[in-house]
Amino acid sequence: MSNLNKITILFIILKISVVLFFYFNMPFLFEQSIFKYNDFGYYSSGDLTGAGKNIAYRWIIWLLQIKDINEFLPVTLALSINLLVDVLWIHLLSRFLSYKGLFIFIVMLSLQPYSAIYTLRFTTILFAKIGVLFFCWDLLNGGLNNLKQKTLPLIKIFFWTLLTLLRNSNLLIAAPYMFLKQIKKPLISITFTFFFTFTILIISLNEGELHGLDASRWPWSLQYIKNLLDIDNTFLVLPILIFVRILLLFGAREKLFTNGIEPFLVWDMPGFELFVYILMGLIQLFGFSIALNYLYKKFGFPSLILLIPLFIALLTAVHQRYLIPYIPICLFGLAFFIDTKLKKYNR
């Protein structure tokens, strides 16, 4: 058995162990089930024709006759697909890490709590994970900067269209991906990408969805930070707001975003929870910065496409759920940094 296969099996064992820990302890740790999914009622409503977000996910829920995501079928699908995506990340990144670096990566990936919590949830985030993986698979194998291969097969058009209808945020990667894959024919590239984007938006967006993305409905606005710090100077507060929202994206769960910081400012479990979110945010932000810098130097401008969904998240609803597809990239950056330091130390 090869070292890669051994490390993959170790990852699966560790991952399932962590998932089981949260399965049994979520009600005690966070007073909610691991299967909590507030949007599921919308998706299981039975409306298969009306415009709205993630319409293909609604079709799957109807086709598979899923009534609740804690049923055996959706749980099995979520576990299987999530593990497959993680294993594919391990195999993809194994070319860029030593054995020690890859070992560090799989340990961090298996222990990452937010990723573990979502491993059993058959939600639309799962399809965002597939979208980011697929893009990075093409990027890291030279498919986005090899001029001889800048074509877009019909199968990839279908694949990206389906992924985007399953999880609309994939449009922010799919559209520039399609543009780059056809860049040898600029007029066709621009025209096709425009009509693809326009069609997806017409199908997916409605007034309710746009209202849900309105950042002013939640705390963490400019005025909220001004009131919190008792500072009225916009030029001083704006950089703080940007940094805080980045930390929310890279480390915080949804409750901190929706309820604000006040419930966490107590010297008890909530205070410790806040400390963990800040620490996790700083660590994962550092890892993502290392990874993106490495990808940009090695693969060029196309790697910056990864920033587009994160930038939109920073302007709208910003918490760690939207980072889940990027967690392997964050942890790759950390593993790569540690791996590099270990190599220098062992010289």
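**Reading rings and core in a predicted model**

Author: Ser17 sits in helix H1, residues 3-30. Helices are DSSP runs of H or I with at least four residues, numbered from the N terminus. This is a predicted model: local features need pLDDT of at least 70, side-chain atom pairs count only at pLDDT 80 or more, and totals for chains, interfaces and linings use all residues. Residues are numbered from 1 along each chain as its sequence is written, and side-chain values use heavy atoms, with hydrogens and water left out.

Reader: Which residues have the most contacts inside the largest nonpolar core?

Author: A nonpolar core is a set of buried Ala, Val, Leu, Ile, Met, Phe, Trp, Tyr and Cys residues joined through side-chain atoms within 4.5 Å. The largest one has 105 residues, and Tyr57, Phe105 and Phe135 have the most contacts inside it. Helix H7 (residues 125-140) gives the most to this core: 10 residues.

Reader: What is Phe135 in contact with?

Author: Contact means heavy atoms within 4.5 Å. Leaving aside neighbours within four places in sequence, the partners of Phe135 include Leu144, Trp160, Ile173 and Pro302. Between the C-alpha atoms of Phe135 and Ser17 there are 29 Å.

Reader: How many aromatic pairs are there in the whole structure?

Author: A pair of aromatic rings is described by the distance of the centres and the angle of the planes. Rings of Phe, Tyr and Trp (its six-membered ring) pair if their centres lie within 6.5 Å; planes under 30 degrees apart count as stacked, over 60 as edge-to-face and the rest as tilted. The search finds 26 pairs. Take Tyr23 and Phe35: edge-to-face, 6.0 Å centre to centre, 75° between the planes.

Reader: Why does the pair of Tyr23 and Phe35 tie parts together?

Author: Tyr23 lies in helix H1 and Phe35 in the loop between H1 and helix H2 (40-43), so the pair links parts 12 residues apart in sequence. Tyr23 is partly exposed at 36%; Phe35 is buried at 13%.

Reader: Where does the charged end of Lys53 sit?

Author: A charge sits over a ring if NZ of Lys or CZ of Arg is within 6 Å of the ring centre and within 35 degrees of the ring normal. The charged end of Lys53 sits over the ring of Tyr42, 5.5 Å from its centre. Tyr42 also belongs to an aromatic cluster, with Tyr57 among its members.

Methods. Helices (H or I, at least four residues) and strands (E, at least two) are DSSP runs, numbered from the N terminus. Buried means under 20% relative accessible area, exposed over 50%, partly exposed in between (1.4 Å probe, protein chains only).
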